[in-house]
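Open the model in your viewer and follow the stops below. Each one says what to select and what is there.

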Amino acid sequence: MATPVSRRTFLAAGAGAAAGLALPGAAAYAGGHPTTSVGFRLNAEVLDGGEQVTSITLNTARLGPIDPASLTTGTFSVHAKATSPIPIAAGDLIFSEYDLDRPVTAVRLDHRGNIVLHLSYGEGQVGGGTLGYILSKGRNVQLDLVYTITQNAPIALRDRRSITISSFVQGRLSDPEVDAFSYHISGSGMKYRLYSPTQGGGRSRYTGRGKRPLVVWLHGGGEGALLPDNYYDNETTLRANRGALGFATQQAQRIFSGAYVVAPQSTSYWIEDGPRFAPLIREIIRDLVRGYPIDRERVYVAGCSNGGYMSMKMTTTYRDLFAASVPICGVVASLEAGGPPLITDAELTHIDTPTWLVTSLDDTVVPPETNTIHAHDLIPGSLMTLYDHVIWNGHQFPGHWSWIYVARNDPSIDGTHIWQWMAQQRR
């Protein structure tokens, strides 16, 4: 097994196990040279319900021209094991750990001649996820993944020689959408990820002159740090859902004419101490405005659940900072019966940032009536979209997950969708 590598670049699992089978009629050499080990990459995508490993790329191009007719879904088997990177206390639960076979649904050669194994995946499917949710802590962690590949039949080259690979070595986790966000730490120690619209040699994909807007995405409670466990990964903010990623898609970038997208990660969770976190988020925004061509008049804030609360808290604290705010299933009421509200009625009535609130009526985590609907009644001129359920592409998600709709630019009023509305706002 290879030495584990940093979670920042790769999954901390290290490498998959070797699989060298003596197959009948299979040659152990290709072109007169040992086949040696073949490395492989895990390819992932962030679905609406979270990131999953969807395929595997075997670095086989150097073995020679492979005959694609020799490849079937049974040529290789894939076993996946996912475990927590931190200890789980006795009696505690972590959801989404697994130890199972991943069905291979298709196999092909990419343009470089590498073998790509497509795996079964989908919303609600067990196995394949990259995150685990620790129940007692209410946090997601990036799982340690170990993938083991077994070759079940020889591979044929175009010259009719056959190959049996001696071993497979696991490499990095690749998710182009996530990888497009660079890593940063503010002067106060808050980690954040940043998407730049000038990806690729520093040359903007958008030809319009002038400065760019900035979208600030504030994550939910499950994506904060795990203190005192000292788990602060700067990963779960992007991998748990499409909240930040949605604003970096080609569709969103066209609507915003090229926007920077920043996703700060709380050192715990926002509602623990919103007044303390507000200036730390403001510091990140200030540094980005100073260091990048960002238009101060077009800074937008959006967030879900804990982040929905923090979106509103930011607009009560910095009334002239944002051009628009999108709180999704945000928390306003006290978390304890009879306790003081997290955001007072007086604070809500003084918000003058254009605000569009979103939630689902079947949200049992943050009840709409005492939170989103109550905030809408008090925030002057605010807009609101209420869904009955959270359903996307035929799959019904928990009612709390209404951020899925915003990540897909679904909310609309009088024919104007929420991203277009945001992009039209100026401070």
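**Stop 1: a charged network**

Select Glu51, Arg193, Glu235 and Arg239: salt bridges link them in a network. A salt bridge here is a side-chain nitrogen of Lys or Arg within 4 Å of a carboxyl oxygen of Asp or Glu. By this rule the count comes to 16.

This is a predicted model, where local features need pLDDT of at least 70, side-chain atom pairs count only at pLDDT 80 or more, and totals for chains, interfaces and linings use all residues. Residues are numbered from 1 along each chain as its sequence is written, and side-chain values use heavy atoms, leaving out hydrogens and water.

**Stop 2: helix H5**

Select Glu283 and Arg286. Both lie in helix H5, 3 residues apart, about one turn of the helix. Helices (H or I, at least four residues) and strands (E, at least two) are DSSP runs, numbered from the N terminus. The two side chains form a salt bridge (4.0 Å, N to O). Glu283 is buried at 13% relative accessibility; Arg286 is partly exposed at 32%. Buried means under 20% relative accessible area, exposed over 50%, partly exposed in between (1.4 Å probe, protein chains only).

**Stop 3: a link between loops**

Now pick Asp352 and Arg319. Their closest N and O atoms are 3.1 Å apart, in a salt bridge. Asp352 sits in the loop between H7 and S22 and Arg319 in the loop between H6 and S21, so the pair ties together parts 33 residues apart in sequence.

**Stop 4: around Met314**

Finish at Met314. Beyond its neighbours within four places in sequence, Met314 contacts (heavy atoms within 4.5 Å) residues including Leu218, Ile281 and Phe322.
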